[in-house]
Amino acid sequence: MSSAPASDESLTPGPTEWGEHPHGVGPWRDEFGTEPPADARLDPELLEHGDRRNVVDAYRYWTREAIVADIDRRRHPFHVAIENFGHDANIGTVVRTANAFAAAAVHIVGRKRWNRRGAMVTDRYQHIEHHADTDELLRYAIEHDLTVVAVDNVPGSVPLETARLPRNCLLLFGQEGPGVTDAAKQAAVLTVSIAQFGSTRSINAGVAAGIAMHAWVRQHADLTTAW
């Protein structure tokens, strides 16, 4: 059973906390047979026509702005960056996973355009920044006091499984194939690798990002706030 966000107990609880609706919900009156509560977070259009979005039950009928504001109150202080010089198709997956783990922001370096299909519309609820090049990204990290952690299976890297990740950090991933650029490697305070036991030389960048983000969550997140 889902529960409403606990950011403000004075607000009306999430309207569909009483059950799970994996395929969305219809109009409020059809679902509950009552008038909707007076709650500024609720979207009149969704209340009237139903809510089929890819959101947890506690956010059913909420406006996009209300959802983003609620997540902002409890976002985690880690950022994720992926270099996109080759128009990497994994960015959508990275964005979707970052949204699931409430990352502070996703940074896309290089090409501004990216394939949003893999994001499953989660980019509407996730802060996304664009940087023309790696140097611009690194300046952002310095300005925001973020420790750069490169994720790449290269000589001298520290196993992610035993590494202690900084709380305020920027997890940096290279594009599929080439990996992290030399400029990023040199700027990283720490480079971590993911243990592999098969024949492939590398893990898919989207998968690697998910593993690294979850490693941060295991070390730093308050699991009592998870859905």
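The accessible surface of the protein chain in this predicted model comes to about 12100 Å², and carbon and sulfur atoms account for 51% of that surface. Of the 227 residues in the chain, 48% are buried.

**Order of the elements**
- The protein chain holds seven helices and seven strands, and, read from the N terminus, these elements follow one another as α-α-α-β-α-β-β-α-β-β-β-α-β-α.

**Helix α3**
- Helix α3, which spans residues 64-72, has Ala66, Ile67, Val68, Asp70 and Ile71 as its buried residues, and these buried residues pack against α4, at residues 91-100.

**The largest nonpolar core**
- In soluble globular proteins, nonpolar side chains tend to be buried together.
- The largest nonpolar core in this chain has 30 residues, and the residues with the most contacts inside that core are Phe78, Leu171, Phe173 and Met213.
- At least two residues of this core come from each of β1 (79-84), α4, β2 (105-110), β4 (147-151), β6 (169-173) and α7 (205-220), with α7 giving the largest share, seven residues.
- When neighbours within four places in sequence are set aside, Phe173 is in contact with Val80, Ala81, Ile82, Glu83, Val151, Val180, Ala208, Ala209 and Ala212.

**Another core**

Technical notes: Residues numbered from 1 in each chain as written. Predicted model: local features only at pLDDT ≥ 70, side-chain atom pairs only at ≥ 80, totals over all residues. Heavy atoms only, no water. Helix = DSSP H or I, 4+ residues; strand = E, 2+ residues; numbered from the N terminus. Buried < 20%, exposed > 50% of the residue type's maximum accessible area, 1.4 Å probe, protein only. Areas by Shrake-Rupley, 256 points an atom, 1.4 Å probe, with all protein chains shown as cover. Contact = heavy atoms within 4.5 Å. Core = buried A, V, L, I, M, F, W, Y, C linked by side-chain atoms within 4.5 Å.
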